[in-house]
There are 2 protein chains.
Amino acid sequence: MTFNKIKIVVAVAGIFMASASYAAIKVDSAEQTEKPNIIFIFADDLGWGDISKHGHPDIRTPNIDRIANEGSEFYQFSVSNPVCSPSRAAVLTGQYPARNSVHRHFATFEHHDNYAMPDWLDKNVVTMPRVLQQAGYKTAHFGKWHLTNRNIKDAPLPTEYGYDEAAVFNGPGPQTDTFKLYDDATDFIKRNKDVPFFINLWIHETHTPHYPPQDSMAKYTHLNEQDQVYAAVVDGADQRIGKILNLLDELNLAENTLIVFSSDNGPEVTGSKNNHFHHHDPDGKVEGIDPLGTYFSVGTTAGLRGQKRDTYEGGLRVPFLVRWPTTVPAGRVDTESVVTAVDLLPTFADIAGAKLPQNYQPDGQSILALLKGGTLTREKPLYWQWQYGKKSGKKPMLAVREGPWKLFYFQHENRIELYNIMRDRAETMNVASQYPAIVKKLTGLAIAWNETLPTSPKPSTFSELRQ
Amino acid sequence: MTFNKIKIVVAVAGIFMASASYAAIKVDSAEQTEKPNIIFIFADDLGWGDISKHGHPDIRTPNIDRIANEGSEFYQFSVSNPVCSPSRAAVLTGQYPARNSVHRHFATFEHHDNYAMPDWLDKNVVTMPRVLQQAGYKTAHFGKWHLTNRNIKDAPLPTEYGYDEAAVFNGPGPQTDTFKLYDDATDFIKRNKDVPFFINLWIHETHTPHYPPQDSMAKYTHLNEQDQVYAAVVDGADQRIGKILNLLDELNLAENTLIVFSSDNGPEVTGSKNNHFHHHDPDGKVEGIDPLGTYFSVGTTAGLRGQKRDTYEGGLRVPFLVRWPTTVPAGRVDTESVVTAVDLLPTFADIAGAKLPQNYQPDGQSILALLKGGTLTREKPLYWQWQYGKKSGKKPMLAVREGPWKLFYFQHENRIELYNIMRDRAETMNVASQYPAIVKKLTGLAIAWNETLPTSPKPSTFSELRQ
């Protein structure tokens with residue numbers, strides 16, 4: 001597990017480069033190496049533009065940037081839904097969230113009924129932690145849950161999904177907080193340094209309630225109040241991530257630990273001054289500090305269109321930084337390969353040498369060869385569905401991406417939009433009228449995909465407390 | 001000159017296609033054909049998004065679209081300056097406007113002094129009409145001039161620039177109007193149908209003062225007042241252009257007439273309600289109709305960044321539609337080739353078989369092979385300069401485009417922006433920090449180019465009336 005244990009490391013230069021040039025790659029030439037640790041850091045409402053490496057004019061994120069600089073990053077990574085619960089369900093299951101009827105965030109029974117949602121993610125589906133647990137990993141989940149709502153009192157515990165340990169908020173059981181989740185991860189890493197471990201570290205700083213640390217606020221006194229608070233919460237996250245990186249260094253675990261940093265969706269829409277404080281929703285609540293609200297949610301997309309709740313790239317495209325020194329080339333910036341959240345489960349399974357159950361239907365594919373410095377040939381298009389709810393009377397919007405093309409099918413308006421994402425990253429020019437053959441093909445694909453989805457949740461995923 | 005006179009026309013399929021597929025191309029296999037007529041229609045403040053073929057949600061432009069559908073269009077065409085006079089000077093001279101010190105629009109002596117401008121475009125430089133006149137063309141200019149200001153009473157007449165005939169506004173001599181310029185062109189075409197002719201038809205509807213025709217207003221009653229007026233003025237232009245196209249059909253001139261449609265810069269910034277009327281600036285004035293102001297200037301860029309006065313694509317990139325049935329493939333949409341306004345003079349000269357004077361320094365190149373259905377290899381980068389004026393104390397902004405890269409060098413702030421225009425058509429992501437080698441190269445090119453430019457106008461281009 002430590003660097004010293006790795007058998008043979010050779011420098012291989014000149015491996016085919018998918019896009020930008022990067023430093024020489026170290027690959028393990030042995031047939032089998034020890035299984036790497038895996039830490040998936042999933043930020044909350046952090047936008048594509050919110051890290052200094054992506055050109056934010058004010059915010060400095062040296063530790064998050066370090067993950068990219070010592071590893072690879074992928075500009076075309078997107079999540080499978082532009083809001084929290086379905087985006088996270090996709091990561092956990094490797095399936096589009098609509099396949100498990102997780103259409104919107106978990107909230108109240110009435111809300112779930114309106115969106116034809118279950119009251120929690122089905123605990124019996126294939127999950128990332130269970131796959132890794134069965135492959136010999138010690139598995140843990142620290143931070144946000146939101147695969148049910150904290151108010152659904154009979155929801156399954158995180159440990160029923162394949163975790164050996166968990167301490168979560170907005171989930172069942174005792175609630176952890178925004179800061180404590182890092183302490184839990186630190187403790188878990190120390191206790192499990194000699195076995196392969198997997199941590200879902202679902203951090204929360206950039207989501208309300210905001211708790212800007214005083215030392216971080218002091219770094220950004222030159223900014224206006226909103227930008228200062230937001231920069232400070234990002235800075236807090238960056239510092240805490242830095243401590244995790246330092247811990248891995250101290251324990252000699254860094255070389256063979258895969259760290260992935262990403263975010264669940266694009267930035268939150270900035271609230272009015274009325275949303276200065278945030279008292280109503282205690283996710284990750286820290287006692288004794290007055291929580292700040294969406295007035296300070298000023299995350300950025302670096303020009304991508306839309307933000308949280310939008311299926312435009314601003315809602316879906318998020319940082320995707322991957323560090324694994326023994327295996328993933330350092331300094332690579334791949335601006336072209338289309339990578340998505342449902343690829344994570346098959347990729348982690350591939351890395352762990354885990355076999356996926358025969359009846360499992362993955363929506364993504366392993367991108368391990370890409371991570372190693374190679375290329376990716378996508379086997380299937382990417383799909384999104386956005387539900388408007390029963391009360392609206394509207395059919396869901398469907399979206400599909402194949403190669404550079406992204407098509408939106410607004411069924412309730414019988415309206416199509418088509419963008420060439422590789423040319424038009426800001427989705428400014430609807431070219432549907434110019435490419436009728438592509439429109440026809442992608443619309444057909446979207447409709448066919450939609451027909452594979454269930455129309456209602458499994459009965460076992462309803463709370464007994466539903467009226 | 002007419003279709004019947006053309007010797008041999010053969011259909012050639014399978015010629016290399018630069019981007020989108022298009023219909024079979026007819027090319028003249030004879031060594032020499034009769035010189036085509038050339039009509040350059042230059043709209044005023046019409047945005048890239050203001051034609052229905054570019055996806056405008058409301059405005060229908062069947063006649064302008066017809067030029068593209070029966071010809072080719074080029075998405076990456078840009079003008080050489082985002083305001084009127086310098087953009088037009090570039091077209092007329094085939095040189096960057098700064099080479100002739102035309103930095104801003106022609107206005108007052110004080111304005112010219114502040115921007116180190118002449119009082120008119122030097123009449124002794126190589127000009128498009130003179131080149132064509134010397135190649136045997138009958139040459140005419142109808143519509144806007146603005147290569148001086150109407151108030152500069154001793155400016156050279158248009159006929160001193162190589163035109164056989166001219167009837168202009170915002171230039172010296174009697175002023176024509178927005179509608180009459182089409183009548184003049186019609187009359188000129190009829191009188192010259194048996195000789196090769198060249199018309200610069202510089203139309204004006206989308207610039208203030210707006211004169212929306214009643215029948216056009218009636219087509220757009222479903223829109224709000226601003227959109228209705230703007231749609232109506234575009235509709236008026238479209239109808240009048242349609243009449244020119246019909247005239248060419250009637251006279252059997254269409255087949256061997258090259259028509260190019262473009263615009264001098266991006267759309268005007270919409271004025272407040274205070275700018276409902278436009279009485280102060282009588283360009284193209286029509287007696288007896290109350291002229292409408294910039295409150296109705298609601299042109300669009302289809303998502304390009306910026307508009308008139310911006311060196312971002314929204315200010316520079318405009319429609320570029322080219323019809324020439326004997327020679328230019330129909331239905332081609334070239335989204336990749338980088339084409340620019342200073343290419344027009346060498347291209348028209350090439351088409352006319354004209355030799356350019358030995359001491360002439362073109363900034364563009366002939367794109368005739370591209371227009372015929374081939375490809376284009378650019379010989380030099382494209383450059384822009386934007387002057388802030390002496391009073392500001394600021395050095396000019398420089399911009400350069402090479403391949404997909406466009407760099408801005410804000411000298412007065414020592415600040416760089418770099419965009420990959422092919423990836424990021426909306427210029428949303430400044431990637432300067434990621435590509436230091438490209439920044440270094442392009443900054444060096446911009447500085448070197450800037451040093452080739454004169455710092456003051458020629459004495460012969462100053463009015464004797466200057467104080």
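**Domain and chain interfaces**

Across the interface of domain 1 of chain A and domain 2 of chain A, 18 residue pairs are in polar contact (both at pLDDT 80 or more); a polar contact is a pair of N or O atoms within 3.5 Å, where within protein one must be able to donate a hydrogen and the other to accept it, and residues adjacent in sequence count only if both atoms are side-chain atoms. The model is predicted: local features need pLDDT of at least 70, side-chain atom pairs count only at pLDDT 80 or more, and totals for chains, interfaces and linings use all residues. Residues are numbered from 1 along each chain as its sequence is written, chains are lettered from A in the order in which they are written, and side-chain values use heavy atoms, with hydrogens and water left out.

**Between the domains of chain A**

- Domain 1 covers 3-371 and domain 2 covers 382-461 in chain A, with bounds from an automatic or database domain assignment.
- The contact (heavy atoms within 4.5 Å) takes 40 residues from domain 1 of chain A and 34 residues from domain 2 of chain A.
- Domain 1 of chain A and domain 2 of chain A bury about 3100 Å² between them, buried area being the accessible area (1.4 Å probe) that two parts lose on being put together, summed over both.
- Of the area that domain 1 of chain A buries against domain 2 of chain A, 18% is supplied by A:Tyr96, A:Asn114 and A:Thr311, more than any other three residues.
- The rule finds four salt bridges across the interface of domain 1 of chain A and domain 2 of chain A, each a side-chain nitrogen of Lys or Arg within 4 Å of a carboxyl oxygen of Asp or Glu.
- A:Asp113 forms a salt bridge with A:Lys390, with the closest N and O atoms 3.3 Å apart.

**Between chain A and chain B**

- In chain A, 17 residues are in contact with 16 residues of chain B.
- The copies meet through the same surface, because 94% of the interface residues of chain A are also interface residues in chain B.
- About 1500 Å² is buried between chain A and chain B, 47% of it on carbon and sulfur atoms.
- A:Arg423, A:Arg425 and A:Met429 supply 39% of the area that chain A buries against chain B, more than any other three residues.
- Two salt bridges are found across the interface of chain A and chain B.
- A:Glu336 and B:Arg423 meet through their side chains in a salt bridge (2.8 Å, N to O).
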